[in-house]
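Hi everyone, thanks for coming.

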Amino acid sequence: MRIVIIGDGKVGHKIAAALSEEQYDVVMIDRNEQKLTNTANTLDVLCLFGDGADAEVLNRADVRHADLVIACTSSDELNMLSCLLAKRLGANYTIARVRNPIYYEQIDLLKEDLHLSMAVNPELETANEIMRVLSFSAVTKVESFVKGRVELIEFPLKKGTPLDGLILKELYRKHQVKALICAVSRGSNVFIPDGEFVLQAGDKLNVVASHLELERFFRAIGQKSMPVRNVLIIGGGHISYYLAKELLKLRMRVKIIDEDYQRCEVLCEALPEATIINGSARDHELLIEEGIREADVLVSLVGNDELNMLTALYAYKQGVKKIIAKVNEEDMTDMVDAMGIDSVVSPKSVTADRILSYVRARQNSFCSANVETMYHLVNGQIEALEFFIGTDAKYIHIPLKDLPIKSNHLVAAIVRGRDVIIPNGNDVIKAGDSVVIVTKNKKIQRMEDIFTDTGLLRTGRNGKEAK
């Protein structure tokens, strides 16, 4: 599969790194020679200097034979024009990163005229991720599958809680919840646990279930949800705008602090129900004056990772119960636990995951199971994928206990119609199901990749013909 990426920025580089690792044929186009040199030295991709909106450059990249063109420069206009040209020159599919709220609100109209296969808005996606995290006070991350019917959450296991020291096979017997602990991060190690695994304080647990069952799960282990009424947002960029818009719909009190006076004026007009303050997060007296100690949640979303982390640390010392910070640099996320920050969000990672899901869906478009959604978990050490199962799949109607599933691969959930099934060994996969797979193998392209021997699938291990 040949993929052309226009824009060697944070998002473009992350996508190129993931795709080249999975042996895709990748071409990178950028106007910055130094960035291209660094990329050529570190990744197995072809680098071309030039403008992605120049037809001559696109022809040099051979876009007429490209399966996919991804335009993710810092300019929305350049991205959309590049995709239009690429499509006219023969590219099969195109994806544009579109950040401007005005453009994105009209994207359905623009997609048809620009022949876009997909448009991604990193800021809107990030705001939606923050909203999901706020739905559970104890969690640090929430990912959704099957249009929100299944959620996968991450939360730290504290000492003395009912799960501390619990053997996993006892989870349902003791707490009567239909939830599955599908991955555990312990120090530098990551486990996809079996029933004999013993949980310990300090573990980071990844749990999959429906939203209702997750609420029951937290009630069962004694972690009550904290009501959110006052939200303090640091930074007035696009993420803050999208986030505040959703929070205000839920009748929450929202205050935004931003250094740019003109941006504050824009936000005052766009969000009349919010309180907009012109000031700096570095001014701690201002933060106290504007109610940081009374805030239920602080979200730091300025363009500087270091300032976001320092602001989050200050909020922690002031007793803020829930803290979320934007951190794009992956090397800095290891510092989060030590600083008391509940959650980090990364527009770069959110965008890359959306686009990589689309790439795998296109790769598998003629397979028996198509990738619908994909997320990287635990700093990229785990992947969670949603597959839609076709009628010609060889593994349908065979009990899971009879399927030759590889180690470190787990069928975490099956969605059948309106039912969310947390499967045991006797459950089967059927055509039309959506199946969530959790794996330590970051190169899963098809459902068949989780099996040790696809030759056993028609009959199953017990030798009986699958019906």
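**A walk through the model**

Let's begin with Ala-55, which lies in helix α3 (residues 55-60). Helices here are DSSP runs of H or I with at least four residues, strands are runs of E with at least two, and both are numbered from the N terminus. Ala-55 counts as partly exposed, at 31% relative accessibility. On that scale, buried means under 20% relative accessible area, exposed means over 50%, and partly exposed is in between, with a 1.4 Å probe and protein chains only. The C-alpha atoms of Ala-55 and Tyr-242 are separated by 35 Å, and the two residues are 187 apart along the chain.

A quick word on the ground rules. This is a predicted model, in which local features need pLDDT of at least 70 and side-chain atom pairs count only at pLDDT 80 or more, while totals for chains, interfaces and linings use all residues. Residues are numbered from 1 along each chain as its sequence is written, and side-chain values use heavy atoms, with hydrogens and water left out.

Which residues touch the most other members of the largest nonpolar core? Among its 76 residues, they are Phe-155, Leu-163 and Phe-217. A core, in this sense, is a set of buried Ala, Val, Leu, Ile, Met, Phe, Trp, Tyr and Cys residues joined through side-chain atoms within 4.5 Å. Helix α10 (residues 238-249) gives this core its largest share, seven residues. Another core, of 45 residues, lies apart from it, and includes Ile-15, Met-28, Val-120 and Ile-414.

Let's stay with Phe-155. Leaving aside neighbours within four places in sequence, Phe-155 has contacts (heavy atoms within 4.5 Å) that include Leu-163, Leu-205, Phe-217, Phe-218 and Ile-221.

That brings us to the aromatic rings. The structure holds nine aromatic pairs. Rings of Phe, Tyr and Trp (its six-membered ring) pair if their centres lie within 6.5 Å; planes under 30 degrees apart are stacked, over 60 edge-to-face, and the rest tilted. Phe-155 and Phe-217 make an edge-to-face pair, 6.0 Å centre to centre with 70° between the planes. Phe-155 sits in strand β8 (residues 150-156) and Phe-217 in helix α9 (residues 211-220), so this pair ties together parts that are 62 residues apart in sequence. Both Phe-155 and Phe-217 are buried. For another pair, take Phe-191 and Phe-197: the ring centres are 5.4 Å apart and the planes meet at 50°, so this one is tilted. Phe-191 is partly exposed at 30% relative accessible area, whereas Phe-197 is buried at 12%. Ring pairs also link Phe-136, Phe-155, Phe-217 and Phe-218 into a cluster.

Next, the strands. Is strand β22 (residues 434-439) enclosed or open? Six of its six residues are buried, so β22 is largely enclosed by the rest of the structure. Ser-434, Val-436 and Val-438 are buried on one side, and Val-435, Ile-437 and Thr-439 on the other. Strands count as paired if DSSP finds at least two bridges between them. Strand β19 (residues 382-389) runs antiparallel to β22 and is joined to it by six bridges, with Glu-383 opposite Thr-439. Strand β20 (residues 409-416) also pairs with β22 in the antiparallel sense, over six bridges, and here Leu-410 stands opposite Val-438.

There is also an open sheet of six strands with parallel pairing, in the order β14-β13-β12-β15-β16-β17. At its edges, β14 (275-278) and β17 (343-345) each have a single partner strand, so one side of each is left without a neighbour in the sheet. Three bridges join β16 (residues 322-326) to β17 in parallel, and Ala-325 has Val-344 in β17 as its bridge partner.

Last stop: the loop between β7 (141-145) and β8, where we find Val-146 and also Lys-147. Most residues other than glycine have a negative phi. Val-146, however, has a positive phi of about 50°, and Lys-147 has one of about 55°. Which of the two is buried and which is exposed? Val-146 is buried, at 6% relative accessible area, while Lys-147 is exposed, at 85%.
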